[in-house]
Amino acid sequence: MRDWLQALHDELKVHGAPVVRVVVAVVRGSAPREPGACMLVSSAGELGTIGGGHLEFVATRSARDLLDAGSRPARLDRFSLGASLGQCCGGIVELWFQRYEACELAFLAQALHARAAGEAAVMATSMEAESAQKHRWLSQDAALREGAHALDGGEGSAVVVHHASGPTLYELIVPREVSLWLFGAGHVAKALVNVLAPLPFGITWIDSREGMLPAGSPGHVRCMHSAHPGDEVPDMDPGAWALVMTHSHDEDFSVCEALLEDGRFAWAGVIGSQPKATRFRQRLVQRGYAREAVARLAMPIGIDGIRSKAPAAIAVAVAAQLLQLREARTQREDATPARAAATVPRES
């Protein structure tokens, strides 16, 4: 599930029936999913996953019991992933079960607004109330002061802190998305957008041809028609990533020039064969761009070992490369001295 906050809001708004959210709150040892992974359980079905297998089967059954039982406080259940649960991961998982009702729509709408405005980073949920869960917004610094020292800023981060009044679940709800600018709407680009749909990439999709960008693109995809796609490069966020795969080599080249002129991108890749890559590098150097700058353009793109030229296969190879790059970036960010100091677990 790409965005549980929006999905929960929409489910309650459309159907009005209660929803139980199951969150992986604590992980010790090997487990199917990371803290913050979650699923929504309603009378209509399930959305998202906490890892599948028997753990998810048992969790879903517990969530349905909570749906049937009426209003109840949140609860935290511990599961050992061993033979008794029909799994052999060997770790321990604590799941946070929380029932949401239509009366909480106002809070969820406020949460979405705050997130869009960048005003709040952490949602704190406690078990103090019997009938209505208590939520509140905290800055990340405030959460650290309260004791949520293990929040690491990663995707879907969550941590449980045991206070005297009971446990509180802290969650970072500002997604760590990669801003990806995709130039071109051919077969590979369309396949790639589908592959990336459930993953943490915010995509700006540009094509120079009328009618090439499909209607009904996922909500995190912003479509843009531009007669000269390279002219849009200055509007890219600093540190954004770019993929160049237009229908024209000349158009690809002009976008590459625009990227190098602007220089603020964190990573950029260009689709094509090795001969195309060699020719582009030579032309760019001839145009006066430094070899070090030209070397920032990844050409060709995609992980090694996939020889198929089918659009879907290329899309998978490129998506795998993007995920590798994103993992490396996340590890670098989490290894910074300031981040490392904030993520040392402490006794609450």
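Reply: Happy to! Of the 348 residues in the chain, 49% are buried, where buried means under 20% relative accessible area, exposed means over 50%, and partly exposed lies in between, with a 1.4 Å probe and protein chains only. This is a predicted model, so local features need pLDDT of at least 70 and side-chain atom pairs count only at pLDDT 80 or more, while totals for chains, interfaces and linings use all residues. Residues are numbered from 1 along each chain as its sequence is written, and side-chain values use heavy atoms, leaving out hydrogens and water.

The chain has ten helices and 15 strands; these are DSSP runs numbered from the N terminus, with helices being H or I of at least four residues and strands being E of at least two. Among its contacts with a separation of 6 or more, 60% join residues 24 or more positions apart; a contact is heavy atoms within 4.5 Å.

The part I would pick is an open sheet of four strands in the order β7-β6-β9-β8, with antiparallel pairing. Two strands count as paired if DSSP finds at least two bridges between them. At the edges stand β7 (134-138) and β8 (158-163), and each has a single partner strand, so one side of each lacks a neighbour in the sheet. On average, neighbouring strands here are turned by 25 degrees against each other, direction ignored. For such angles, axes are lines fitted to C-alpha atoms, for helices over the stretch in contact, and angles run from 0 to 180 degrees between N-to-C directions.

Now to β6, which covers residues 122-126. Why is β6 described as largely enclosed by the rest of the structure? Because five of its five residues are buried. Val-122, Ala-124 and Ser-126 point one way from β6, Met-123 and Thr-125 point the other way, and all of them are buried.

β6 has a partner on either hand. With β7, β6 pairs in the antiparallel sense over five bridges, and Ala-124 stands opposite Arg-136 of β7. With β9, β6 again pairs in the antiparallel sense over five bridges. Here Met-123 has Glu-171 of β9 as its bridge partner.

Which strand continues the sheet beyond β9? That is β8, next to β9 in the strand order. β9 covers residues 166-172, and its antiparallel pairing with β8 runs over six bridges.

What lies across β6 and β7? Helix α3, residues 105-117, does so, running at about 15 degrees to β7.
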